[in-house]
Amino acid sequence: MRYHPLTPTDRADMLAKIGAPDVNALFRDVPKEAIVSRAKFDLPDTKGELDVERILSRFSAQSTAAGAVPFFCGAGAYRHHVPASVDHLIQRSEFLTSYTPYQPEIAQGTLQYLFEFQTQVALLTGMEVANASMYDGSTAAAEAVLMAQRLTRRKKAILSGGVHPHYAETIETVAALQGEVIRAPVTPGEAEDIAAMIDDSTACVVVQSPDVFGLIRNLRPIAEAAHAKGALLIAVCTEIVSLGLLESPGAQGADIVAAEGQSIGNSLNFGGPYVGLFATREKFLRQMPGRICGETVDAEGRRGYVLTLSTREQHIRREKATSNICTNSGLCCLAFTIHLSLLGEEGLTRLSRLNHATASALADRLIKIPGVDLITPAFFNEFTLRLPKSAAEIVDQLVDENIIAGVPASRLLPNDPNATNLLIIAATETTSEDDCATFAQALAGAL
Amino acid sequence: MLNSKGRPTGAGSAQGETFQTISGDRGLDHEEALIFELGRPGMTGVDFPQSQISESRLGGQRRQAPIGLPGLSEPEVVRHYVRLSRKNYAIDSGLYPLGSCTMKHNPRLNEKMARLPGFADVHPLQPQKTVQGALALISELMRWLTTLTGMHTVAMSPKAGAHGELCGLLAIRAAIEARGETRKRILVPQSAHGTNPATAALAGFTVDEVPATADGHVDADALEAKLGPDVAAIMLTNPNTCGLFEPRILEMANAVHAAGAYFYCDGANFNAIAGRVRPGDLGVDAMHINLHKTFSTPHGGGGPGAGPVVLSKALAPFAPLPLLTHDENGFHYVEHHDDVKAGRAPFGRMSAFHGQMGMFVRALSYMLSHGADGIRQASEDAVLSANYVLASLKDVMSAPFGEGPCMHEALFDDSFLEGTGVTTLDFAKAMIDEGYHPMTMYFPLVVHGAMLIEPTESESKESLDRFIHVLRTLAEEAKVGNTSRFEGAPHLAPRRRLDETLAARKPVLRWKEAAPVPVAAAAE
């Protein structure tokens with residue numbers, strides 16, 4: 001086996017040093033009835049690289065890659081162009097095959113990029129501090145609700161109907177265990193009056209902008225209403241590129257920002273791994289979950305970085321920790337950091353404008369089709385159309401024409417009769433003029 | 001240091017330590033500023049055209065102030081991150097003996113496979129008929145995981161070990177509620193990973209600690225005494241964090257089940273037994289599998305991981321959404337409660353989408369490469385290597401439970417350093433100067449000054465012998481009072497010991513532009 005350096009002679013010599021007759025003797029504490037033979041496993045034997053490549057390539061070929069067709073899916077994951085240098089750099093052995101930086105003297109590479117990542121996240125979200133990443137946007141949002149419940153010592157979380165339904169379910173799964181989660185009604189294309197739902201027992205209100213239908217929300221009045229009742233505003237963002245063009249949640253009064261960072265540096269990957277962004281105000285720092293990197297000095301007074309404030313974390317505090325999180329999304333935050341460093345202020349501004357312009361032109365083209373209405377008046381790179389027919393059926397039909405037309409709202413809200421004809425459509429810098437023309441023609445034909 | 005003929009004996013010798021360079025860089029070791037201190041406004045490393053946009057569709061929410069990101073060209077960004085990379089230790093550059101972390105070789109084939117477009121460039125919400133290959137791959141990985149563990153099914157969406165623990169405990173909670181019972185207490189051994197009690201608390205349980213015996217096992221008698229009608233589960237790591245297989249595991253599992261509770265197994269140490277022992281045969285009801293440990297998906301400086309949870313027949317109905325099914329029309333992901341078949345009652349959803357697909361591909365690539373025989377060989381070699389390290393060091397270092405064989409990791413305590421003035425931390429940091437990443441320190445908590453060494457199956461005998469020689473010599477030097485190398489170690493790393501107290505007392509967690517110097521002050 002090409003990955004195993006020990007030879008039979010080595011193994012015999014090592015057993016002799018140990019004083020064991022054979023390797024089975026090392027497993028002597030395992031109850032005999034629990035030891036199983038090779039034959040018990042209905043699994044194949046060792047294979048060479050070539051065979052493994054053949055098998056996995058066959059699996060790969062059985063899916064339609066987004067890059068192979070006109071492609072318009074968003075709703076929480078976005079197809080962007082990732083510069084070649086990003087994927088090259090994250091595959092440097094020293095980044096790829098290192099562990100969590102628990103020995104800072106020999107992990108300054110990881111620690112410094114985490115410090116840069118935290119700074120970038122804080123700047124983008126308009127917040128004071130950020131952690132070194134969560135698993136993804138949805139789990140970051142769930143942790144944000146738990147944090148708000150701890151900070152306010154209140155149990156009730158109110159979720160806007162515009163929060164991605166999968167995020168809402170993820171939040172409910174953990175935050176309803178010891179608290180209460182209330183979901184506002186879904187109002188596609190409109191902002192509900194969530195401020196009216198906030199009362200003195202509300203821990204937090206969770207609002208996504210742009211929301212799951214693509215609608216840009218104004219967070220300012222919600223922040224004011226929440227703060228007036230002693231509640232916190234958690235802002236969720238699933239398309240982080242939008243913050244190149246739109247006002248940051250921090251500037252609008254958010255107390256915690258939970259966002260999905262996949263759009264910068266990371267591929268679609270069928271849903272993971274992604275990178276959860278988590279930022280908050282400095283005064284809430286000690287209740288922030290997850291790893292945090294901080295600046296310090298070494299014994300010679302040189303600037304360096306370490307993981308810090310670990311007294312919040314599970315390996316120190318055990319059952320009293322702020323969260324059980326241990327592993328984060330290290331390599332995905334590196335991809336995020338490198339891509340954002342390449343973009344810089346100028347590149348991100350151009351990228352976000354290009355996204356909006358592309359989506360806006362596509363919307364203009366599609367609403368010319370009779371019976372098609374745009375229900376999201378303000379959007380970034382994703383908008384929702386009301387079709388005269390079931391959106392799921394249209395999407396299904398267009399697959400036969402090699403077009404992946406977007407996410408039918410019914411995929412996320414199967415029981416909502418108002419969602420049946422809604423189609424959520426995203427366009428990014430990867431969407432070409434030809435893609436848009438092909439889509440418009442096919443949609444017109446299908447309706 | 002000079003030899004008897006007055007010649008320097010190596011790097012870090014007297015001359016090396018005081019040698020000052022003009023640049024502040026030292027050969028291949030470059031000092032590197034933060035990205036925010038580099039570049040210039042207006043520069044970018046990505047070329048995009050300027051686009052005309054109208055304000056009308058932005059809802060009055062256009063950003064008012066600049067973000068504050070620096071501008072760099074591509075060569076500058078590449079150089080910056082290459083320089084940073086060189087400040088890291090990695091498994092590719094040396095033995096990485098972190099106990100409990102399974103730092104094994106990460107095959108590059110797996111990286112190549114994960115980047116195939118049918119895995120990397122598919123969207124989690126594109127029509128299911130267009131992702132049949134991705135679903136088939138997940139199904140095949142599920143078959144490997146359930147076969148290797150002898151379990152009924154597997155929940156694929158948890159994104160890391162601790163996330164898997166939460167998934168397992170929520171399934172247990174749902175199963176207990178379905179029986180119409182309320183059970184609030186979870187038994188967690190003293191030697192457990194910190195995530196275990198943290199997860200139990202997060203899932204709404206209270207934690208009751210089970211002591212360890214003097215020989216490093218969970219005290220099975222104490223465990224049985226603690227069982228009762230309010231106990232929901234036990235969270236046990238097996239092999240445990242002392243590197244020992246629990247010999248009374250079947251007895252404990254039976255007692256737990258007899259009390260109406262469930263057996264959660266922390267699968268962090270599965271690499272010791274994969275291909276030889278099936279957790280299902282040990283009475284396990286739920287166990288997460290760290291694909292980033294046992295199945296070699298890269299640790300990536302702290303993530304991403306993946307923590308699928310195998311479940312027994314009793315817990316299978318409560319597995320979270322989405323659920324993968326298969327019928328004559330192919331594979332299908334059930335994403336909503338209303339579409340769930342009778343007899344299943346998912347407890348909820350762990351994350352937005354299906355799980356860590358990129359990690360699934362890498363893990364399956366590892367499994368296909370190894371085969372069942374190679375996986376068995378890997379665990380045998382991992383256990384053999386740990387025992388070889390233990391046998392080769394136990395006369396100079398102190399092994400608290402050193403008599404019997406260990407599993408895939410060898411545990412030492414700090415009693416061999418007693419009276420030397422050298423601590424576990426000093427000893428570990430001296431290893432850095434010798435070119436090694438230290439072992440896990442001060443964990444598990446059940447022994448004093450713990451040092452937990454997990455060599456994995458990826459090391460040659462020559463590599464192990466060299467490592468053993470270095471550790472033996474360090475231990476001997478400490479004992480005879482040659483402690484200067486330990487004082488303030490490491491001496492030869494990119495940084496000397498870092499002030500962690502300062503970092504926590506005055507947190508500086510992001511770069512900030514220095515405040516402009518007032519004109520008057522600047523003039524003085």
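This is a predicted model: local features need pLDDT of at least 70, side-chain atom pairs count only at pLDDT 80 or more; totals for chains, interfaces and linings use all residues.

Residues are numbered from 1 along each chain as its sequence is written, while chains are lettered from A and ligands numbered from 1 in the order in which they are written.

**Exercise 1.** Find out which strands pair with strand E4 (residues 231-237) of chain B.

*Solution.* Start with the terms: helices (H or I, at least four residues) and strands (E, at least two) are DSSP runs, numbered from the N terminus, and two strands pair if DSSP finds at least two bridges between them. Strand E2 (residues 185-189) of chain B pairs with E4(B) in the parallel sense over 3 bridges. Here Leu187(B) stands opposite Ile234(B). Next, 5 bridges join E4(B) to strand E5 (residues 262-266) of chain B, also in parallel.

**Exercise 2.** Explain why E4(B) is largely enclosed by the rest of the structure.

*Solution.* A residue is buried if 20 or more other C-beta atoms, placed from the backbone, lie within 10 Å of its own. In E4(B), 7 of the 7 residues are buried, so the strand is largely enclosed.

**Exercise 3.** Describe how chain A touches chain B.

*Solution.* Residues are in contact if their C-beta atoms, placed from the backbone, lie within 7 Å. By this rule, 168 residues of chain A are in contact with 176 residues of chain B. Helix H10 (residues 330-366) of chain A gives the most to chain A's side, with 21 residues.

Definitions and conventions
A residue is buried if 20 or more other C-beta atoms lie within 10 Å of its own, exposed if 12 or fewer, and partly exposed in between; C-beta atoms are placed from the backbone. Two residues are in contact if their C-beta atoms, placed from the backbone, lie within 7 Å.
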